[in-house]
Amino acid sequence: MFKFSKKQETFDIAGVRIGGQPGEVRTVLSGAIFYKNHSIVTDEKRGLFNKSLAEELIVKQEELSDKTGNQHFVQIFALTPEAMTNYIDFVTEITDAPFLIDSIDSEVRLAGAAHACKVGLSNRAIYNSINVGIENKEIDKIRELKIDSAIILAFSPKGFDVKGRIYILDNGNGILNKGLIDIARECGITKPLIDIAVTLVGQGAGAAIRASYVAKAKWGYPVGGGIYNAAASWEKLRDYEKEYREFCGVGANVIQRMAGGDFVLYGPIEKAPKVFPLVAFADDIIAEAVKDIKVEPR
């Protein structure tokens, strides 16, 4: 294992600790719920869903978090402001865990953030994400809402290599007039979480893992991502049965951790029973390994 020479930041988000040197703080795991085509959702636009099944999934993730010691976030995905509001209200009644406000539409993200602030949940909300498509009106609104934590997405359409990811964070990579790290600060974000933007196998997935090391070495902020997407895109898996394809998707989450990752967006929350024990095992191995370089779990 290894130790970064730069001080590694550790943030507290509503009681969940995240960051630090590898082996210092256990990996935070985040399962996605209400995602596109999620079977428990009956109306994606209105945010209607099977409440008993949704509660079951959230409670199971929480139980596994308690059992393994790996703390958790709930990644809430929505297509409309109405759906996002309904989902946030439901999830936050079931668990005290922080939650990601996730949507492909900035208006939906902002509506979710505004609702979280209105009902006193801003300390648990993580805006997902500040990315290359951000516009001034979104920056202004985030700053106005005083959300202090956000995912910073290191995706650059100008390059899927390590430089592309780091430059979009550092200087805008010729697309933005400043880097996303500075934009996040401008938004009032004091607890940035860098999502290293894992792309498809053959299109920069490996570079994303390398960029994890670089980002932590450069900024010292918590780093992570959704590496399960890379496994799903691996062409060689198409010849295997579904069960074996799922093994790769679940196992891929360990790669992010071994690359110094602090959090893993592991995909559908249904995968929690497989993901939590696997990553917990990796955490124990890392914690044992770093004792020789004077890093103690805390």
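Begin by selecting Ser65, which, if you leave aside its neighbours within four places in sequence, is in contact with Asn70, Gln71, His72 and Phe276. Keep in mind throughout the tour that you are looking at a predicted model. Ser65 belongs to helix α1, which covers residues 51-68, and with a relative accessible area of 7% this serine is buried, because buried means under 20% relative accessible area.

Now turn to the nonpolar residues. In soluble globular proteins, nonpolar side chains tend to be buried together. Here the largest nonpolar core has 85 residues, and those with the most contacts inside it are Phe34 and Ile130. To see where the largest share of this core comes from, select helix α7, residues 205-219, which supplies seven residues.

Next, select Phe34 and show the residues around it. Not counting residues up to four places away in sequence, Phe34 touches Ile40, Val41, Phe49, Ala54, Ile76, Phe77, Tyr87, Phe90 and Val91. Is Phe34 buried or exposed? At 3% relative accessibility, Phe34 counts as buried.

Stay with the aromatic rings for the next stop. The model contains nine aromatic pairs. In one of them, the rings of Phe34 and Phe49 have their centres 4.7 Å apart and their planes at 55°, so this pair is tilted. The pair links distant parts of the chain, since Phe34 sits in the loop between β3 (28-33) and β4 (41-43), while Phe49 is in strand β5 (residues 48-49), and the two are 15 residues apart. Phe49 also counts as buried, at 11% relative accessibility.

From Phe49, move on to Tyr87 and compare the two ring planes. How are the rings of Phe49 and Tyr87 arranged, edge-to-face or tilted? Their centres lie 5.7 Å apart and their planes stand at 65°, so the pair is edge-to-face. This pair, too, links distant parts of the chain, with Phe49 in strand β5 and Tyr87 in helix α2 (residues 81-94), 38 residues apart. Tyr87 has 1% relative accessibility and therefore counts as buried.

For the last stop, select Lys218 and Trp219 together and turn the view until you look onto the ring. Lys218 lies over the face of Trp219, at 5.4 Å from the ring centre.

Technical notes: Residues numbered from 1 in each chain as written. Predicted model: local features only at pLDDT ≥ 70, side-chain atom pairs only at ≥ 80, totals over all residues. Heavy atoms only, no water. Core = buried A, V, L, I, M, F, W, Y, C linked by side-chain atoms within 4.5 Å. Buried < 20%, exposed > 50% of the residue type's maximum accessible area, 1.4 Å probe, protein only. Helix = DSSP H or I, 4+ residues; strand = E, 2+ residues; numbered from the N terminus. Contact = heavy atoms within 4.5 Å. Phe/Tyr/Trp six-rings, centres within 6.5 Å; stacked < 30°, edge-to-face > 60°. Lys NZ or Arg CZ within 6 Å of the ring centre and 35° of its normal.
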